[in-house]
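Reader: Could you walk me through the aromatic rings in this one? I'd like to go ring by ring.

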Amino acid sequence: MADISIQSQTFSQEMRQQANAALMKLDKGLRSKSVGEQSESIIRFGKLFDRFPFAIVINAAFLKLSDVFLEGNNFLRLCILRVVQDSQAHLEKILNVDEFVKRVFSVMHSNDPAARALTLRMFGSLAAIVAERKNVHHSVRTGLESHDRLEQEAAIFAAGKLSQRSGLFAAGICNKVAEMIQGLATPVPVKLKLIRIFEHMHHNVETSNKVNREDEFSK
């Protein structure tokens with residue numbers, strides 16, 4: 001029994017050393033001045049998560065990615081978004097959620113609508129851990145009113161994802177979505193996308209009744 005315990009402890013130490021070495025290698029790529037090397041390192045984070053699915057590793061990795069999301073360009077942000085979308089099973093292993101979300105959220109203050117659009121899509125893809133955050137709710141609601149097509153579409157995507165997770169968000173956004181669907185200024189393609197948000201708004205009786213009324217109106 002003692003031999004098994006020693007072997008297990010040794011294996012754990014070896015895994016930790018391997019994980020640290022792999023993370024340091026990827027971190028070196030993130031710090032490169034070459035966007036190509038940075039993007040290649042970002043893409044490899046998905047394999048790191050699968051090989052070392054431990055909270056301490058995943059937490060450290062996502063914090064590094066959040067730094068790049070904050071300070072990098074939109075291409076790198078897109079690469080990080082893809083990693084997040086492909087790593088849904090690992091999101092709840094992030095330990096420093098507040099710090100991670102704070103860095104991502106800071107990009108919402110950008111004057112670049114494309115950067116804000118990528119951030120809104122991040123919110124939708126991070127719904128498992130940000131669904132009840134009021135600052136995220138406000139940003140998505142504001143994004144729905146954007147005159148930039150990419151930003152508005154990203155907000156619609158995020159609204160759908162958050163509505164699946166948060167009854168509070170669904171109840172708060174229901175009337176806004178209904179107004180946009182009924183509004184003459186809203187293009188038909190946008191209305192069709194907005195209607196799909198209602199599929200996820202059944203968290204309580206009041207919201208469900210509102211949705212049913214809007215469904216009847218849209219037919």
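**Rings and charges**

Author: The charged end of Arg 121 sits over the ring of Phe 157, 5.1 Å from its centre, where "over" requires NZ of Lys or CZ of Arg within 6 Å of the ring centre and within 35 degrees of the ring normal. This is a predicted model, in which local features need pLDDT of at least 70, side-chain atom pairs count only at pLDDT 80 or more, and totals for chains, interfaces and linings use all residues. Residues are numbered from 1 along each chain as its sequence is written, and side-chain values use heavy atoms, with hydrogens and water left out.

Reader: And which ring does the charged end of Arg 77 sit over?

Author: That of Phe 69, with the charged end 5.8 Å from the ring centre.

Reader: Switching to ring pairs, how many aromatic pairs turn up in the whole structure?

Author: The search finds four, counting rings of Phe, Tyr and Trp (its six-membered ring) with centres within 6.5 Å, and calling planes under 30 degrees apart stacked, over 60 edge-to-face and the rest tilted. One of them joins Phe 45 and Phe 49, a tilted pair at 6.3 Å centre to centre with 55 degrees between the planes.

Reader: Are Phe 45 and Phe 49 buried or exposed?

Author: Both Phe 45 and Phe 49 are buried, meaning under 20% relative accessible area, with exposed over 50% and partly exposed in between (1.4 Å probe, protein chains only). Phe 62 and Phe 100 form an edge-to-face pair, 5.6 Å centre to centre and 75 degrees between the planes.

Reader: Which residues form one aromatic cluster?

Author: Phe 45, Phe 49, Phe 62 and Phe 100 do.
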